[in-house]
Amino acid sequence: MVLRYGERDWPSVSEWQRELPQWFVLASGPEHSEQEDQEWLVWWKSLPPDQQNEVEDRQPWALSEWLEWLRPSERTWYWLGAEQSSTTQLKVWLDTPGSPAPVGALEWLLKVAGAVEVVEEL
């Protein structure tokens with residue numbers, strides 16, 4: 001749904017809240033002010049790297065933050081396709097400019113949609 005919009009017709013966050021599935025909107029984290037984001041970032045940087053990853057995995061994305069990474073001007077990956085390879089596996093193909101690619105927003109979507117594990121293969 002998100003990939004069908006371009007930069008010129010990109011909906012506002014309130015329009016997205018009406019258009020996106022409610023289960024996804026409800027799973028999104030609260031919106032934060034810039035000051036709250038900066039305070040969280042300072043705290044997060046004080047953690048050891050393994051704890052940073054753990055905190056990131058548990059932290060829900062605010063809808064506006066998630067949408068910003070999906071904007072055509074920010075998204076550096078391109079959807080090539082997907083295939084259900086078994087009853088418990090979905091394979092997704094992306095074209096990326098290199099590795100590592102900023103695909104955190106897509107990974108979060110997959111986890112909210114029910115993925116237990118997201119594995120990147122090159």
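In what order do the elements of the protein run from the N terminus on? They run α-α-α-α-α-β-β-α. That makes 6 helices and 2 strands. Bear in mind that this is a predicted model.

**Whole chain**

Show the C-alpha trace. Along its principal axes it spans about 40 × 35 × 30 Å. Now colour by burial. Of the 122 residues, 24% count as buried.

**The nonpolar core**

Select V2, W10, W16, L20, W66, L67 and L70. These have the most contacts inside the largest nonpolar core, which has 18 residues. Three helices each supply at least two residues of this core: α2 (22-27), α5 (63-70) and α6 (104-112). The largest share comes from α5, with 4 residues. In soluble globular proteins, nonpolar side chains tend to be buried together.

Centre on V2. Which residues does V2 touch, leaving aside its neighbours within four places in sequence? The contacts are W10, W16, L20, W66 and L70.

**Helix α5**

Select 63-70, which is α5. L63, W66, L67 and L70 are buried here. Look down the helix axis. The buried residues of α5 fall within an arc of 95°, so they line one face of the helix.

**Helix α6**

Move to 104-112, which is α6. Select A105, L106 and W108, which are buried. Again look down the axis. What packs over them? The cover includes α2, α5, β1 and β2 (89-95). Step just past the end of α6 to G114, where phi is positive, at about 125°.

Select 34-45 and 49-58, helices α3 and α4. At what angle do the axes of α3 and α4 cross? They cross at roughly 140° and come within 9 Å. The two helices are therefore oblique to each other. Show side chains at the contact: α3 brings W40, W43, W44 and K45, while α4 brings Q52, V55 and E56.

**Salt bridges**

How many salt bridges does the structure hold? There are 2. Side chains of opposite charge can pair when their charged atoms come close.

Select R4 and E19. Their side chains meet in a salt bridge, at 2.7 Å from N to O. R4 lies in the segment before α1 (13-19) and E19 in helix α1, so the pair ties together parts that are 15 residues apart in sequence. Is R4 buried or exposed? R4 is exposed, with a relative accessible area of 58%. E19 is partly exposed, at 26% relative accessibility.

Next select E7 and R71. This is a salt bridge too, with the closest N and O atoms 2.7 Å apart. E7 lies in the segment before α1, and R71 in the loop between α5 and β1 (78-86), so this pair ties together parts that are 64 residues apart in sequence. E7 is partly exposed, with a relative accessible area of 35%.

**Last view**

Keep the E7 and R71 salt bridge on screen. Then bring back V2 and its contacts W10, W16, L20, W66 and L70.

Note on methods
Residues are numbered from 1 along each chain as its sequence is written. This is a predicted model: local features need pLDDT of at least 70, side-chain atom pairs count only at pLDDT 80 or more; totals for chains, interfaces and linings use all residues. Side-chain values use heavy atoms; hydrogens and water are left out. A nonpolar core is a set of buried Ala, Val, Leu, Ile, Met, Phe, Trp, Tyr and Cys residues joined through side-chain atoms within 4.5 Å. Buried means under 20% relative accessible area, exposed over 50%, partly exposed in between (1.4 Å probe, protein chains only). Contact means heavy atoms within 4.5 Å. A salt bridge is a side-chain nitrogen of Lys or Arg within 4 Å of a carboxyl oxygen of Asp or Glu. Axes are lines fitted to C-alpha atoms, for helices over the stretch in contact, and angles run from 0 to 180 degrees between N-to-C directions. Angles under 35 degrees count as roughly parallel, over 145 as roughly antiparallel, 65 to 115 as roughly perpendicular and the rest as oblique. The arc is that of the directions from the helix axis to the C-beta atoms.
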